[in-house]
Amino acid sequence: MAMRRTVVCLALWLLICQVRGSYITLTMNKTIQNLLQRYTSQDNYNGRPVFSRELLAGKAETKMVFMSGVLETYDKLIRHMLNQMPTSSPQTTGSEDTSAPISTSTSSSVREDLNYILKMVQTLRRKHDYQEQEKLLQGLQNLKDIQMDNLVVQEKALLELPWLYEEASSLLDNKMQRRRRRRRQAKRKTHTKA
């Protein structure tokens, strides 16, 4: 059920993107519509998206990191969907899958559609070079997995704190200096026009 809900959200999100621009081709849109016929949930859509749009309202850097994570998630999701597809042997009645049985030709068509969408997502990831953002996401995930109770980790973290504190402070200082510089430049422009 959750998988179907996720696919519905994916399709809605991609459809909304098509309205905003012409990045989704007609073929891709048709493929998504075909997949929605297979992955339709009996549950009502609760109105909450799978991927929050809050981070898309921020700075470009934040959007890039977020979209990197979203595209990676789609890659994993579609691969998972492909792995759940029945093999060429017919489904048995004792299967745990509660969805309607699908024929081999339909299964083949769904598999082709999923492979097409996967290829499009992977192409987008390569085309826009999200590798730096993916490294950042991996680094953030690694931070989440730090063993807080480990004495060695605690010692090393204390040893690294002065350097990291300096780095974080200099980033804040650089940001403030850029703001001041922009304000001065803006004032100069208004004074030269007068």
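Predicted model: local features only at pLDDT ≥ 70, side-chain atom pairs only at ≥ 80, totals over all residues.
**Entry 1: Arg125**

I started with Arg125, which counts as buried at 17% relative accessibility (buried means under 20% relative accessible area, exposed over 50%, partly exposed in between, with a 1.4 Å probe and protein chains only). Residues are numbered from 1 along each chain as its sequence is written, and side-chain values use heavy atoms, with hydrogens and water left out.

I placed Arg125 in helix α4; helices are DSSP runs (H or I, at least four residues) numbered from the N terminus, and strands are runs of E with at least two. What does Arg125 touch, not counting residues up to four places away in sequence? I found Leu71, Glu72, Asp75, Tyr130 and Glu134, with contact meaning heavy atoms within 4.5 Å.

**Entry 2: salt bridges**

Side chains of opposite charge can pair when their charged atoms come close. My rule for a salt bridge was a side-chain nitrogen of Lys or Arg within 4 Å of a carboxyl oxygen of Asp or Glu. How many salt bridges does this rule give? The count comes to 3.

I looked at Arg125 and Asp75 first, whose side chains meet in a salt bridge at 3.2 Å, N to O. Arg125 lies in helix α4 (residues 104–127) and Asp75 in helix α3, so this pair ties together parts that are 50 residues apart in sequence. Salt bridges with shared partners join Asp75, Arg79 and Arg125 into one network.

Next I took Asp75 with Arg79, where the closest N and O atoms are 2.5 Å apart. These two sit 4 residues apart in helix α3, about one helical turn. Is Asp75 buried or exposed? Asp75 is buried, at 6% relative accessible area, while Arg79 is partly exposed at 42%.

Then I checked Lys76 and Glu72, which form a salt bridge at 3.4 Å, N to O. Both are in helix α3 (residues 60–84), 4 residues apart, again about one turn of the helix. Lys76 is exposed at 54% relative accessibility, and Glu72 is partly exposed at 25%.

**Entry 3: Phe51**

I found Phe51 in the loop between α2 (26–38) and α3, buried at 16% relative accessibility. Leaving out residues up to four places away in sequence, Phe51 touches Phe66, Val70, Thr73 and Tyr74. For Thr73 I also looked up the C-alpha separation from Phe51: 9.9 Å, with the two residues 22 apart along the chain.

**Entry 4: surface patches**

My patch rule joins residues with over 30% relative accessible area and no salt bridge: like charges within 9 Å, nonpolar side chains (Val, Leu, Ile, Met, Phe, Trp, Tyr) within 5 Å. Areas come from the Shrake-Rupley method with a 1.4 Å probe, and for residues only the protein chains shown count as cover.

Which residues make the nonpolar patch of about 480 Å²? Leu136, Leu140, Leu143, Ile146 and Met148 do. I located Met148 in the loop between α5 (131–144) and α6 (151–193), exposed at 61% relative accessible area.

I also noted a positive patch formed by Lys59, Arg178, Arg179, Arg180, Arg181, Arg182, Arg183, Arg184, Lys187 and Arg188. Lys and Arg count as positive and Asp and Glu as negative, with His and the chain ends not counted; the place of a charge is NZ of Lys, CZ of Arg, CG of Asp or CD of Glu.
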